[in-house]
Protein chains: 10
Amino acid sequence: MELPEIVSHLFAAKKAKGLSFADLEKILNRDEVWIAAAFYRQAAMSEEEAKLLVEALGIAPIYIDTLTDYPTKGLGPVVPTDPFVYRFYEIMQVYGFPLKSVIQEKFGDGIMSAIDFTMDVEKEVDPKGDRVKLTMSGKFLPYKKW
Amino acid sequence: MELPEIVSHLFAAKKAKGLSFADLEKILNRDEVWIAAAFYRQAAMSEEEAKLLVEALGIAPIYIDTLTDYPTKGLGPVVPTDPFVYRFYEIMQVYGFPLKSVIQEKFGDGIMSAIDFTMDVEKEVDPKGDRVKLTMSGKFLPYKKW
Amino acid sequence: MELPEIVSHLFAAKKAKGLSFADLEKILNRDEVWIAAAFYRQAAMSEEEAKLLVEALGIAPIYIDTLTDYPTKGLGPVVPTDPFVYRFYEIMQVYGFPLKSVIQEKFGDGIMSAIDFTMDVEKEVDPKGDRVKLTMSGKFLPYKKW
Amino acid sequence: MELPEIVSHLFAAKKAKGLSFADLEKILNRDEVWIAAAFYRQAAMSEEEAKLLVEALGIAPIYIDTLTDYPTKGLGPVVPTDPFVYRFYEIMQVYGFPLKSVIQEKFGDGIMSAIDFTMDVEKEVDPKGDRVKLTMSGKFLPYKKW
Amino acid sequence: MELPEIVSHLFAAKKAKGLSFADLEKILNRDEVWIAAAFYRQAAMSEEEAKLLVEALGIAPIYIDTLTDYPTKGLGPVVPTDPFVYRFYEIMQVYGFPLKSVIQEKFGDGIMSAIDFTMDVEKEVDPKGDRVKLTMSGKFLPYKKW
Amino acid sequence: MELPEIVSHLFAAKKAKGLSFADLEKILNRDEVWIAAAFYRQAAMSEEEAKLLVEALGIAPIYIDTLTDYPTKGLGPVVPTDPFVYRFYEIMQVYGFPLKSVIQEKFGDGIMSAIDFTMDVEKEVDPKGDRVKLTMSGKFLPYKKW
Amino acid sequence: MELPEIVSHLFAAKKAKGLSFADLEKILNRDEVWIAAAFYRQAAMSEEEAKLLVEALGIAPIYIDTLTDYPTKGLGPVVPTDPFVYRFYEIMQVYGFPLKSVIQEKFGDGIMSAIDFTMDVEKEVDPKGDRVKLTMSGKFLPYKKW
Amino acid sequence: MELPEIVSHLFAAKKAKGLSFADLEKILNRDEVWIAAAFYRQAAMSEEEAKLLVEALGIAPIYIDTLTDYPTKGLGPVVPTDPFVYRFYEIMQVYGFPLKSVIQEKFGDGIMSAIDFTMDVEKEVDPKGDRVKLTMSGKFLPYKKW
Amino acid sequence: MELPEIVSHLFAAKKAKGLSFADLEKILNRDEVWIAAAFYRQAAMSEEEAKLLVEALGIAPIYIDTLTDYPTKGLGPVVPTDPFVYRFYEIMQVYGFPLKSVIQEKFGDGIMSAIDFTMDVEKEVDPKGDRVKLTMSGKFLPYKKW
Amino acid sequence: MELPEIVSHLFAAKKAKGLSFADLEKILNRDEVWIAAAFYRQAAMSEEEAKLLVEALGIAPIYIDTLTDYPTKGLGPVVPTDPFVYRFYEIMQVYGFPLKSVIQEKFGDGIMSAIDFTMDVEKEVDPKGDRVKLTMSGKFLPYKKW
């Protein structure tokens, strides 16, 4: 997976400043997952957001230009090899059709949007092992008939 | 995608009985998504669960045998063509690495389990268009060093 | 490409009745492309639409059941081999990114929906060779920030 | 997707000049989609067109040479990962065969040309959300028998 | 490669009648390659052609129906394994771009049509080993600008 | 498709000298298609041929070394995306097996060689649109039994 | 890998008769590897060979028809999963280019034919473990220039 | 196919010295095919072998280091496009299973090793066209039961 | 994944008899993993082993024939979708090259045989969660030089 | 396979220092396989581990930064071409489902973790050829029901 140069630059600056994505969430007033998406050039920032980020990271203002460009999206190979990312592929393979059945039963024929879409990550402390709580919210788009 | 014969049989019986997955949730005392996974042979039922299902659907007890077998999991092609399922592939492609950054920042090097894992679907009524709320909870598994 | 049995049955009945998709457009009050999509099990009909179709084609009412099911969508191989269908793959390969640039310049970062979407086919008679006029209309979905 | 160097150079110059593809449409007297295709090296310009573009963008005349070369066409991976471009892949997967049925019913056995082909993009303002109107016009090519 | 049932039926009838494709060329007044394409359901026959063929092969008239249908085209795997067919893949891999350079130099930017296209096979007797002479004739289609 | 550096150098020199492949045909006494194949490093030149080419193009004699090396052959992706080259893939997909039937009927079990093989391109002027005439001649190689 | 029905029928008959390929070599006067290729429908027999085989195996004469047809060749998946067959894929991956260098140094630019080609298998008894001796003989085909 | 830099360096030095692989066979006392494999970094040399080679080619002793490293093996794409190498893929596709039948009949269930393995190339002069004689010798490894 | 019919028959018989693989280990005097491999037709049994199995399972003696045949090996898709099997793919992807470095450092250039190979499974009871202990033993095969 | 630059740097330093992975095992108090995984950036080190390694290898402390980053995991192509690594792919293909049957019979429906996972390599000296003993220990993760 070859990432654009800006990506490693942003991560290096964030590390140097000792900032977490949670810290940036407060500075930019955007969710940490969305900010991480912008770090990987999977989301486009507004002028203001880019300015805030550039300032917070102490990097050259010229990066605002790239951060506000509409990126080509999609990362990594067809089937991900990284075990973290692969588990989402596995969830799609195992639970994709069951979810389709349950959601279409509730909403009719259509899809959950991945564009009008938000995500939230929470850490649930648990003595048997902490858990990741991941909440997705996507607009339901019914198939238009014509 | 060629599904085992039992799958269409289960769906037909459920339709004939006029039962929704939400109805089955009450009868089996299991979440509707998990029950839908069992319908697709992506989850194995216990004897009791299978008996309850077979009764509720009014199908032959012989199906208990299949429903309790440990299945080979994974459905459909490498990259899904169905638009509903594809959106989950897209979420993995676009947000997989951002999620990895955020979650590993909170938990350390490791993964969110897709085995010690649960899901919940809710319908959020919204005047601008209803939304699908999908909550995943997976145990965080830190990489063991040795 | 293995199509469900109902597909060839529908096409055979339509041929036997001497009906074109344009004829069916008048009977069902739906666009001929959408009806053809329903023939291929790429769109789900309502009870009423399915009844009208079953009657028009003179086939058994039992098919209403299948026609109203929410189908698994997507036809044919990863890269289509049929020359007619391939040309649409070629248009995507050659003009996909140029369209992205033009449309995102007009609308911002987002996509043209393939769900809230309609299509229309017209024949343009032309002495130098008739032309296919294909009009697509898709809702623009801006990327939600969160 | 690795694009030839000229591509980013053209986009950077266009941005620096504050020109939209719609502006270039007026200057070159070619459709904005076709011009965007030329930007991505998916279409070859004539000497005059290339000169007009080079002037408008204020870039070195040496680029005329490249802009008039007949390019190798086709962009990005076999199945596109970018959500904007993917939707066109999805349209081909879902509606390719239905279109084949409708168009071949009207025209006979043959294809819609992707070479003797034009496209037009319009923005339709709509209170429920703006829509992209995309019109394609391709010559119908009947299969020659021999 | 799974061929439609009619294919083996046609080949068996042709063998039983002791007819070569060259014989059928005289009966149908079509080139033997085109007739072989129709045998494989890669070309659609007219009513008259199909009648002549059905008669010549002594098969049931019901096959006229299939022979006149517009087929889904494309045979075999992505990269052919059959050595005969593979050699054409190899010619495309080795000489495709050289041909593009030579032909576009003569005709401008465009393609050789595979639709408005004919082929002819001849056997050239040669003491050093007979040769296959294959002549293709395709209309040149220049890229339309718009 | 990443071509060796020599390729673009050869094409640039040819353009600078204003030479067509037809011109080079006269200078090298080899067919223009074969010369284009050598340009793409799909054919190896003899010392003399390489000298003539180097002289004609006015490039450094050091290139003789590369031009006479036996190259690794095969260009571009598994399924070509360039529309010109794709049409040859399409011809193989649609007409490969029909050709096999016709040619093996005439010659027995075997293949048309792509090694003991020549090609010729002609432009046929035609008021309805010029045509590409492509003639291939390959030695027939019967399967050896042992 | 789905083999034609005749394949398992031939192997079953051979087993029932207690014949080895070495036995059939004597009966048909063809090499055992070539006969095994004919068993898998990878080689076409002459009428006489097919008659001898049918007799030797005690199967119905109707199989002569299939055994003499020119088959579609190539067995199994793109990369073989069977460990025996995979080792030949590995030899090609590891030693293919080294062989190309050595053989083209001896013969010039060209290939070893896989059509004008024979193979022989011998068992070499060895106290450290028996060895397979495999001898291939293929005609060298120099690239024709034109 | 991207080869490590050392590969082209070795070939260039060999060419400059006017040495054939047959010459190196005498100098290194190893088979020419094995030496060619070492050139492509498909085999690891001993210190002494590497020293002899480095001397013979007149290259810097630092290359001994690389030549004695245990390399990552396997060259080129999944299905080779080079016609020379492809023929070995074809032999595996067409004769792989027949060889399996013949060899396992002689030796039992197991494989021919590609590790405890040698190869030899000979040129057979033949008035009808010279032939490549390729002899492989691999230890037979029976499947261990446990 | 389509398994031969005998596979489901063997599993059904085993279930009906209430036998575990551990039970069969005692009856056949072979390791349970190897027996499971034979169930999936990934290992060939001897006459005696097959007889013992057929008796133990109470199935028809005719199955001895199939159980003693040398099978075509390799199960499931190129990248496994079943989460259990996928983890072994992941281990190969993540630890394959590290293992190569460690093992080749200890043994020299070569491989661990997957043919002269055994496996053993043990259950380690652990209050923090039971563990699978998997022991593989493969003969080291050094690369032969020649 | 393109590895990050640090990988070759680490291996070069280790070679220069004459250290084996077994030596590093003693210095870092971590298993040699895990250390090799860290060399390939398939495992993240703690600050202390990285410091010990950097010191032992005599490389710049700046590498600590990279060695402690959480890496993107997974090495090499979808199907490995290197014979050493391929054997693990083969083991997964041949024994993956048999292992699933045996392990799930012992533990219930679930998987062996590749995250809460350790490995150990031992050399077993054997007069018939040394053997690699590889022990894996992975936590069994039962499928959670919900």
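How many residue pairs does the rule find in polar contact across the interface of chain B and chain A? The legends below get to that.

**View 1. Meet the predicted model.** This is a predicted model, where local features need pLDDT of at least 70, side-chain atom pairs count only at pLDDT 80 or more, and totals for chains, interfaces and linings use all residues. Residues are numbered from 1 along each chain as its sequence is written, chains are lettered from A in the order written, and side-chain values use heavy atoms, leaving out hydrogens and water. Chain A averages a pLDDT (the predictor's confidence in each residue, from 0 to 100) of 97. For the complex, the predictor gives an ipTM of 0.96 and a pTM of 0.96.

**View 2. Where chain B touches chain A.** Here 73 residues of chain B are in contact (heavy atoms within 4.5 Å) with 73 residues of chain A. Phe84(B), Phe97(B) and Val132(B) supply 11% of the area that chain B buries against chain A, more than any other three residues. Buried area is the accessible area (1.4 Å probe) that two parts lose on being put together, summed over both. For this pair of chains that comes to about 7000 Å², with 69% of it on carbon and sulfur atoms.

**View 3. Polar links across the interface.** Back to the opening question: the rule finds 30 residue pairs in polar contact, both at pLDDT 80 or more. A polar contact is a pair of N or O atoms within 3.5 Å; within protein, one must be able to donate a hydrogen and the other to accept it, and residues adjacent in sequence count only if both atoms are side-chain atoms.
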